[in-house]
Amino acid sequence: MEKNYKFNVFQNDKNIDATLFQYGWEQCAPLHSYGPAKRNHYLFHYIFSGKGFLNSNNSSGETIHYKLEAGQGFLICPGQVNTYYADEKLPWEYAWLEFDGMKALEFMEMAGLGFDQPAYRIRNRDAAELIWNEIMCIVDNPFNSPIHQLGHLYLFFDILIRSSATRPPLQAGKLKDSYVKEAIHFIEQNYSYPITVEDIAAFCNLNRNYLGKLFKESTSQTLQHFLMYYRMNKAAELLKLSDLTINEIGRRCGYQNQLHFSRAFKNIFSISPNRWREQNKRR
């Protein structure tokens, strides 16, 4: 019978700002339940498939009932009474992280989650795979170093905050900076794919022209130029440090056509990729 449960305890809890305590994954049986119970730390579940229910006490002592499904999640705060259980016909599959630390409350508030708002709903569906991947990088690799595991915990926090539909609004200046940072982060994570300015704007949930205006005001360059410049610098690294073909380097930097890649590279460095490699190849 295929195993439907994973559970591990984190072996190093000395990080003050944020640390893990335990984590796991489960494909639940119909009506499988936990609680009523309290936790000593924050516990976040992300639902990969199926449905389920959460009964959670708020700060007024009321019990609020939440119906949740794939692509959503729920947070249990320290000392909060809760019960959760899987749907009878379509039981949920979820993964969880238990964490705490001096920054934990701040991170959850940045995501708009807390005692009175435990339900996580995603703002951008493109982030669903990202948040699942970060959690499972921890769950599936219990023997990796504590630094590696905590690194993925912080990446989880970053995606959770950026993708949460309940994230509180920022002040105007900070909001503009946030959009620019989101655009840059998206480029850093996806430059190897054939993404366009339209894709970046869609990720930020902004009109292309408006995002372009914010980006130009903040960085003094266009979004299109930044994307090309970022890709070409990554290409230069590969030209210098690897023996990959020009075509393969172009594909790894988001260009499916070698001619288009060579033209873009020459536009930035004023010489062809082959010529640049000859001049800069590490011996």
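R167 touches M110, A111, G112, R123, I161, R162, S178 and E182, leaving aside residues up to four places away in sequence. The model is predicted. R167 sits in a loop, the one between helix 3 (146-163) and helix 4 (172-190). Is R167 buried or exposed? Its relative accessibility is 19%. The cut-off for buried is under 20%, so R167 counts as buried. One of its neighbours, E182, also pairs with it through polar atoms. The side chain of R167 makes a polar contact with the side chain of E182, at 3.2 Å.

Now turn to helix 2. This helix covers residues 127-139, which is 13 residues. From first C-alpha to last, helix 2 reaches 19 Å. That is close to the 18 Å expected at 1.5 Å a residue. Which residues of helix 2 are buried? They are A127, A128, I131, W132, E134, I135, M136, I138 and V139. An α-helix has 3.6 residues a turn, so residues three or four places apart point the same way. What covers the buried residues of helix 2? The cover includes strand 1 (5-9), strand 2 (19-27), strand 4 (42-49), strand 9 (93-100) and strand 10 (119-121). Helix 3 is also among the elements that cover them.

Last, look at K213. This lysine lies in helix 6, residues 208-219. K213 and L223 are 10 residues apart along the chain. Their C-alpha atoms are separated by 8.9 Å.

Key:
Residues are numbered from 1 along each chain as its sequence is written. This is a predicted model: local features need pLDDT of at least 70, side-chain atom pairs count only at pLDDT 80 or more; totals for chains, interfaces and linings use all residues. Side-chain values use heavy atoms; hydrogens and water are left out. Helices (H or I, at least four residues) and strands (E, at least two) are DSSP runs, numbered from the N terminus. Buried means under 20% relative accessible area, exposed over 50%, partly exposed in between (1.4 Å probe, protein chains only). A polar contact is a pair of N or O atoms within 3.5 Å; within protein, one must be able to donate a hydrogen and the other to accept it, and residues adjacent in sequence count only if both atoms are side-chain atoms. Contact means heavy atoms within 4.5 Å. The expected span of a helix is 1.5 Å times one less than its number of residues.
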